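Reader: Please take me through one part of this model closely. Begin with a single residue in a helix, then widen the view from there.

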Amino acid sequence: MNTNVDVNEIVQNLYEQIKNSEDKGSLASYIPELENVDSALFGVHISTIDNSNFGVGNCYDKFSIQSIVKVLSLIMAYDLLGEELWTRVKVEPSGTPFNSLIQLEVENGIPRNPFINAGALVIADVLLSNLKNPKEDFLNFVRNLSDSKDITYSSKIASSEKEFGYRNAALCNLIKSFGNIENEPSDVLDFYYDLCSLEMSCEELSNLFLFLANDGFTLTERKQILTRSQTKRINALMQTCGFYDESGDFAFKVGLPGKSGVGGGIVAVHPKQYAIAVWSSKLNAKGNSYKGMRFLEEFTTKTESSIF
Ligand code: DON
């Protein structure tokens with residue numbers, strides 16, 4: 001980060017600039033409930049490892065974090081299975097859309113990475129097999145990572161997604177046919193939809209993800225969530241796979257590990273410096289927030305804080 005710049009002023013100015021610009025994105029219509037979100041809402045929040053916090057716009061409004069949850073479910077599954085996890089899911093970028101089926105057939109039901117839907121379904125299966133009360137245990141895990149205890153699932157979003165979840169059902173059944181899903185596909189899908197329905201604000205997200213900028217330790221209580229090496233690995237996966245077939249573009253333009261969701265949220269991490277979350281619900285053609293991507297590109301350029 002260029003220490004001569006005022007980061008908060010940059011966040012504020014970029015926020016005004018991008019808020020008032022044309023939004024060329026569109027809402028995620030395949031989850032009907034997400035189409036009811038006001039697309040004028042826009043929030044940004046940055047948390048640094050020096051314990052400074054700054055937010056603008058709708059940074060305290062909760063939204064559906066969708067695929068951002070895949071980072072958290074992966075971390076919990078990694079903790080439960082250790083290195084054995086990588087026999088169930090690989091760590092290679094897919095270069096395909098988040099809900100693609102193509103590689104699964106030729107790669108024997110082992111998903112390319114834990115962030116595409118196929119990989120996240122395998123992770124959900126691991127959690128189902130290894131937790132006593134998967135839904136409650138996962139929620140407690142997330143709440144323990146966060147300073148905020150009022151994080152919840154949305155049953156409205158989960159059932160809206162389930163109603164039209166034909167593609168995820170196809171993915172889950174295909175993986176099951178290769179023997180890489182242990183539980184009943186309908187149970188895995190229900191749990192997966194619950195996970196994706198988690199709601200958080202930009203403030204909660206940037207605070208929660210700060211441990212990935214802080215060598216695996218939470219900032220306030222210094223609880224160790226991951227080892228330094230595991231932290232590097234999660235950040236590496238976010239860098240290479242966090243935006244599906246737009247991961248290269250995100251590295252090229254923004255230059256930070258990050259993860260997006262079809263609710264329009266993006267969280268990005270600068271190891272040893274900060275975590276930042278942005279939210280604007282309209283998505284580009286790859287399913288990532290249109291304004292969120294633009295904001296982060298300008299932000300790392302103006303603050304000179306890409307990792308590259
Ligand atoms: O399974 C789905 O399609 C959604 N619950 C999550 C997809 C998602 O967020 C992709 N991210 N940009």
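Author: L174 sits in helix α7, which spans residues 166-177. This is a predicted model. L174 counts as partly exposed, because 18 C-beta neighbours fall inside 10 Å. A residue needs 20 or more to be buried, and 12 or fewer to be exposed. So L174 belongs to the class in between.

What does L174 touch? Setting aside neighbours within four places in sequence, L174 is in contact with L101, L104, E105 and G109. Take L104 from that list. L174 and L104 are 70 residues apart along the chain. Their C-alpha atoms are separated by 7.7 Å.

Now the wider layout. The chain is divided into two parts: domain 1 covers 7-64 + 200-302, and domain 2 covers 67-196. Their C-alpha centres lie 21 Å apart. The contact between them draws 32 residues from domain 1 and 28 residues from domain 2. On the domain 1 side, the elements that give two or more residues are α9 (202-208), α10 (228-241), β5 (258-260) and β6. Of these, α10 gives the most, with six residues. By type, that side of domain 1 divides into 16 nonpolar, 12 polar and four charged residues.

The ligand comes next. Where does the ligand lie relative to domain 1 and domain 2? Both domains give residues to the shell around the ligand, so the ligand lies between them. The shell holds 13 residues, and Q66, S67, C196, G261 and V262 come nearest. By type, the shell has three nonpolar, nine polar and one charged.

Two loop residues deserve a look. Both have a positive phi without being glycine: R222 near 50 degrees, Y244 near 55 degrees. R222 is in the loop between α9 and α10. Y244 is in the loop between α10 and α11 (247-253). Are these residues buried or exposed? R222 is exposed, because 9 other C-beta atoms lie within 10 Å. Y244 is buried, because 24 other C-beta atoms lie within 10 Å.

Finish with helix α12. Helix α12 runs over residues 290-302, 13 residues in total. From its first C-alpha to its last, α12 reaches 19 Å. That is close to the 18 Å expected at 1.5 Å a residue. The buried residues of α12 are Y290, K291, G292, M293, R294, F295, L296, F299 and T300. What covers them? The cover includes α1 (7-19), β1 (42-48), β6 (265-270) and β7 (274-280). Just after α12, E304 takes a positive phi of about 50 degrees.

Last, the confidence scores. The mean pLDDT of the chain is 96. Residues at 70 or more make up 100% of the chain. The model scores ipTM 0.98 and pTM 0.97.

How values were computed
Residues are numbered from 1 along each chain as its sequence is written. This is a predicted model: local features need pLDDT of at least 70, side-chain atom pairs count only at pLDDT 80 or more; totals for chains, interfaces and linings use all residues. A residue is near a molecule or strand if its C-beta atom, placed from the backbone, lies within 6 Å of it. Ala, Val, Leu, Ile, Met, Phe, Trp, Tyr, Cys and Pro count as nonpolar, Asp, Glu, Lys and Arg as charged, and the others, Gly among them, as polar. Domain bounds come from an automatic or database domain assignment. pLDDT is the predictor's confidence in each residue, from 0 to 100. Helices (H or I, at least four residues) and strands (E, at least two) are DSSP runs, numbered from the N terminus. The expected span of a helix is 1.5 Å times one less than its number of residues. Two residues are in contact if their C-beta atoms, placed from the backbone, lie within 7 Å.
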